[in-house]
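Please keep the sequence and the structure at hand while reading.

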Amino acid sequence: MSHRSCLAEKEERKERSMGKTEEGKVYVGVDLHKLQMTVCVEQEGTGEILLKGEYKTDAEGYDRLSGELHRIEEETGDAIAIAVEATGNARYFKNRMERE
């Protein structure tokens with residue numbers, strides 16, 4: 001997911017949520033590839049980008065991402081909603097994140 005994609009998604013969500021007062025979520029977008037995943041984390045309501053980066057799709061990369069998401073969850077006190085691109089390794093990603 002490029003920075004441009006992240007910003008485009010942010011604008012689309014902003015347009016859809018205009019007039020709504022819902023807050024309390026952190027959105028995580030994941031572009032999953034064989035050797036790495038690109039992640040963009042955005043705070044609902046403010047639209048602030050809390051994290052943007054690439055992680056390897058190995059145990060260390062998953063642990064790093066999980067640690068970052070736990071840190072963000074603790075700091076914001078908000079629920080985390082993860083959206084992941086449907087690819088061959090999406091099921092592994094889902095199962096791994098649910099265990100964390």
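Gln36 stands opposite Lys56 in β3. The structure shown is a predicted model. In it, β2 and β3 pair in the antiparallel sense, with seven bridges. The hairpin of β2 and β3 has five residues between the strands, and Gly45 there takes a positive phi near 90°.

β2 also has a partner in β1: these two strands are antiparallel and pair over seven bridges. Gly29 stands opposite Cys40 in β2. Three residues lie between β1 and β2 in the hairpin that they form. As for covering, seven of the eight residues of β2 are buried.

In soluble globular proteins, nonpolar side chains tend to be buried together. The largest nonpolar core here has 16 residues, and Met37, Val39, Val41, Leu65 and Phe93 touch the most other members. At least two residues of this core come from each of β1 (25–32), β2 (36–43), β3 (49–56), α2 (59–76) and α3 (90–99).

Which residues does Leu65 touch, not counting those up to four places away in sequence? They are Met37, Val39, Tyr55, Phe93 and Met97.

**Salt bridges**

A search of the whole structure finds four salt bridges.

| Pair | Closest N and O atoms |
|---|---|
| Asp63 and Arg96 | 2.5 Å |
| Arg71 and Glu75 | 3.0 Å |
| Lys94 and Glu98 | 3.1 Å |

Asp63 forms a salt bridge with Arg96. Because Asp63 lies in helix α2 and Arg96 in helix α3, this pair ties together parts that are 33 residues apart in sequence. Asp63 counts as partly exposed, at 42% relative accessibility, whereas Arg96 counts as buried, at 9%.

The other two pairs in the table each lie within one helix. Arg71 and Glu75 are four residues apart in helix α2, so about one helical turn separates them. Arg71 has a relative accessibility of 32% and counts as partly exposed, while Glu75 is exposed, with a relative accessible area of 58%. Glu68 is linked with Arg71 and Glu75 in a network of salt bridges.

In helix α3, Lys94 and Glu98 are four residues apart, so they too are separated by about one helical turn. Lys94 is partly exposed, with a relative accessible area of 43%, and Glu98 is exposed, with 57%.

Technical notes
Residues numbered from 1 in each chain as written. Predicted model: local features only at pLDDT ≥ 70, side-chain atom pairs only at ≥ 80, totals over all residues. Heavy atoms only, no water. Core = buried A, V, L, I, M, F, W, Y, C linked by side-chain atoms within 4.5 Å. Buried < 20%, exposed > 50% of the residue type's maximum accessible area, 1.4 Å probe, protein only. Contact = heavy atoms within 4.5 Å. Pairing = 2+ DSSP bridges. Salt bridge = Lys/Arg side-chain N within 4 Å of Asp/Glu carboxyl O.
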